[in-house]
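Subject: Structure for your review

Dear colleague,

Please find below the structure that I am handing over to you.

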Amino acid sequence: MLKFAHLTFSLMLAFVVVSLDARAETTFTPVVSGLDEPWGIDLLPDGSLLITEKDGRVLLWRAGTLSTLGGAPKVADGGQGGLLDVTVARDFNTSRTVFFSYSKPQRGGAGTTLASARLSEDGTRLEDFTDLFEMARGSSGGRHFGSRVVEAEDGTLFMTIGDRGDRPEAQNGGSHIGSIIRVNRDGSVPSDNPFTSSTGVLPEIWSYGHRNPQGAGLDGNGRLWTAEHGARGGDEINLIRRGANYGWPVISYGRHYSGGKIGEGTSKDGMQQPASYWDPSIAPSGLLIYQGQMFPEWRGDMFVGSLKDDYIARLEISGETTREVEQISNAATERVRDIIEAPDGSIWFISVGNGAVYRMSR
C-alpha cells in the first residue's frame, strides 16, 4: 500500500505519495472534475482529452476548458449500458478518427456497438458518426455490455462484449454475447479471423467464453490482455488467444452470488486458464500495460482499476501469467474506471467516485 498526504490544488485535492520502498514521490493531480458517470478517456496528439459519460455525452478537455461535442449517438443508458469506451486512432493526425463503443437501442433491448467518427477541425463536434459493428441479437436488461476498444498494431479493432446476463450464450458461437470481436476499420471481417470458414460461428468472433471484460490493452509485444468481472470471486486477467474459449460459464474460480457452484469447476480441456484471478472480487475495469519513461521501474507492468475496492492494482507479467504486487490506494482512486498512458509517461485515470480524471506523475 502507499502512504499519502493532502495538498490544496485548483479547488480540488492533489496527492503527493511516497511509496514504502523509497521510490521517488508520486503526485496525483486532478485534471478534470465535475464529471457525471465518466466511462472512457483517451488523449489526442495535442494533449487534449476526450471523455465519455455514460448518459451519452462526449466531452473535450483542452487547455483547461471542458466542452461538450455535438454529433454523439443516441445510447441506451440504463444499468451498465450507455456511452462506453473511446479510443483515438493511431493515425489521428491525418484521419482525425476516433472509435467509440456504446449500447445501442435495439428491438427488445440493446446491443454493444462499435462506431467511428471524425473530430471536426474546430474541435466542436463529431462528424460522420458511423456504426462499424453491432452485436447480433442484443438483449433486454442492463448488465454486462463490456466494452473496451483496442486498436491492434495492424490497424484492426478489438472490442469486448459481456454475456449480457445470459450466461449460456457465452458458449454459443452463433451469438456475439460473451465474446471479443475483431473487425477492420471499415467494419469488415479480417480474412485471418479464426472462424471465417466455420459453420455456425459468427466470423467477427476472435475469442469467446467471456463474462464481462471491462479492461483491455496491448503489451509491448502486441499481445491483447483483458480484465474481466467474475461473479462472487473469480475476477480474471486473461491473455487473449486467437479462437480460444475462456470457459464462462462452464468453468470459473468464483461462485454465484447466491453462493452456489458455477458450472463444472475450475478447469476443463479445451478451455483457457486465466493468467491470474482475484478472490474475493475487486470489480476490475480499465487496463494499461505501461511502456513509458516516467516510471522506469514499472515498464512492462500491468495496471488495473478496481471499482469495488478503490485502488489501482499493479501486476507483474511473467510470460503468460500475472501477479498482483502492489495496490495504489488513496482518496483519488475511488472507483477507478479507466486508465491510460500519456506520451510523457504519466498515467491518467478516471475516478468515478470523485467524478474526476487524475494524472499520476513524478
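Tyr290 counts as buried at 0% relative accessibility, where buried means under 20% relative accessible area, exposed over 50% and partly exposed in between, with a 1.4 Å probe and protein chains only. Phe295 is likewise buried, at 0%. This is a predicted model, in which local features need pLDDT of at least 70 and side-chain atom pairs count only at pLDDT 80 or more, while totals for chains, interfaces and linings use all residues. Residues are numbered from 1 along each chain as its sequence is written, and side-chain values use heavy atoms, with hydrogens and water left out.

Aromatic rings

Rings of Phe, Tyr and Trp (its six-membered ring) pair if their centres lie within 6.5 Å; planes under 30 degrees apart count as stacked, over 60 as edge-to-face and the rest as tilted. The count by this rule is 12 aromatic pairs. One of them joins Tyr253 and Tyr277, which are stacked at 4.0 Å centre to centre with 20° between the planes. Tyr253 lies in the loop between strand S18 (235–239) and strand S19 (276–278), and Tyr277 lies in strand S19, so this pair ties together parts that are 24 residues apart in sequence. Helices (H or I, at least four residues) and strands (E, at least two) are DSSP runs, numbered from the N terminus. Tyr253 is partly exposed at 21% relative accessibility, and Tyr277 is partly exposed at 40%.

Tyr290 and Phe295 form an edge-to-face pair, with 6.0 Å centre to centre and 70° between the planes.

Pockets and cavities

On a 1 Å grid over the protein atoms alone, a cavity is a set of points where a 1.4 Å probe fits but cannot get out, and a pocket is an open set with protein on both sides within 12 Å along at least five of seven lines; lining residues have an atom within 4 Å of a point. Grid points are joined across faces, edges and corners, and a volume is the space filled by probe spheres set on the points.

The largest pocket holds about 970 Å³ of space. It is lined by 33 residues, and those closest to its centre are Asp42, Thr87, Val88, Arg90 and Glu341. Several strands each supply at least two residues of this lining, including S4 (38–43), S8 (83–88) and S20 (284–289). By class, the lining has 19 nonpolar, five polar and nine charged residues. Here Ala, Val, Leu, Ile, Met, Phe, Trp, Tyr, Cys and Pro count as nonpolar, Asp, Glu, Lys and Arg as charged, and the others, Gly among them, as polar.

Strand S20 is mostly covered, with six of its six residues buried. It pairs with strand S21 (residues 302–306) in the antiparallel sense over four bridges; two strands pair if DSSP finds at least two bridges between them. Within this pairing, Ile289 stands opposite Met302 in S21.

The second largest pocket has about 310 Å³ of space. Among its 22 lining residues, Gln80, Asn212, His229, Tyr257 and Ala283 are closest to the centre. This lining comprises five nonpolar, eight polar and nine charged residues.

There are three cavities of 30 Å³ or more. About 90 Å³ of space lies in the largest cavity, and Arg211, His229, Gly234, Glu236 and Trp248 lie nearest its centre among 13 lining residues.

Backbone features

Most residues other than glycine have a negative phi, and most peptide bonds are trans. The peptide bond from Trp248 to Pro249 is cis, with omega near 0°, and Pro249 lies in the loop between S18 and S19. The bond from Asp279 to Pro280 is also cis, with omega near 10°.

His144 has a positive phi, near 55°, and is buried, with a relative accessible area of 6%. Arg164 also has a positive phi, near 55°, and is buried at 4%. Arg164 lies over the face of Phe145, at 3.8 Å from the ring centre; a charge sits over a ring if NZ of Lys or CZ of Arg is within 6 Å of the ring centre and within 35 degrees of the ring normal.

Yours sincerely
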